[in-house]
Amino acid sequence: MKHQLILVAAILLAACTQQKPEERAAEMLKEARYALHHHHYNEARDTIFSLRRNCPTAIEARKQAILLLDSIEMMAATDSLRLATGEEWKRLDVKRQFFERKLQEDLKKE
């Protein structure tokens, strides 16, 4: 798995140098949204983190990535709640509530 992530990061870095940063970042946002839609939360997070590292000048995409990362965290916590019990459920519910509020505040700023 670690080798796959390194390979993906190398490919994304190469792609960012061949395309305009905003174009590549927009593609990466699309990839992250696709992963989120399919409940692949780690992949979605990794794509956002890669966007941040590899396309630092893609300001508009980075703004969208902040909101998307909040959504990823909120949905991951929500999904995890289904299997959790006791203290773990409480912790995940607090996390979910935090990201819901954070997302609402971030959306107000736009």
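## Basis of the values

The model is predicted: local features need pLDDT of at least 70, side-chain atom pairs count only at pLDDT 80 or more, and totals for chains, interfaces and linings use all residues. Residues are numbered from 1 along each chain as its sequence is written, and side-chain values use heavy atoms, with hydrogens and water left out.

## Overall fold

The protein chain has 5 helices and 0 strands. Along the sequence the pattern reads α-α-α-α-α. Helices (H or I, at least four residues) and strands (E, at least two) are DSSP runs, numbered from the N terminus.

The protein chain holds 110 residues, and 37% of them are buried. Buried means under 20% relative accessible area, exposed means over 50%, and partly exposed lies in between (1.4 Å probe, protein chains only). The accessible surface is about 7,400 Å², with 60% belonging to carbon and sulfur atoms. These areas come from the Shrake-Rupley method with a 1.4 Å probe; for residues, only the protein chains shown count as cover.

Contact means heavy atoms within 4.5 Å. Of the contacts with a separation of 6 or more, 58% join residues 24 or more positions apart.

Side chains of opposite charge can pair when their charged atoms come close. A salt bridge here is a side-chain nitrogen of Lys or Arg within 4 Å of a carboxyl oxygen of Asp or Glu. The rule gives 13 salt bridges.

One of them links Arg24 and Glu27, at 2.8 Å from N to O. Both residues sit in helix H2 (residues 21-37), 3 residues apart, so about one helical turn separates them. Arg24 is buried at 4% relative accessibility. Glu27 is partly exposed at 35%.

Lys102 and Asp106 form a salt bridge at 3.0 Å, N to O. The two lie 4 residues apart in helix H5 (residues 86-109), about one turn of the helix. Lys102 is partly exposed at 28% relative accessibility, whereas Asp106 is buried at 14%.

Lys108 and Glu105 also meet in a salt bridge, at 3.0 Å from N to O. They are 3 residues apart in helix H5, so the separation is about one helical turn. Lys108 is exposed, with a relative accessible area of 61%. Glu105 is partly exposed at 40%. Back in the Arg24 region, salt bridges with shared partners join Arg24, Glu27 and Glu31 into one network.

## Arg96

Arg96 belongs to helix H5. Its relative accessible area is 16%, so Arg96 counts as buried.

Leaving out residues up to four places away in sequence, Arg96 touches Met74, Ala77, Thr78 and Leu81.

## Ala32

Ala32 is placed in helix H2. Its relative accessibility is 0%, so Ala32 is buried. With residues up to four places away in sequence not counted, Ala32 touches Ala44, Thr47, Ile48 and Leu68.

Ala65 lies 33 residues from Ala32 along the chain. The C-alpha atoms of Ala32 and Ala65 are 8.9 Å apart.
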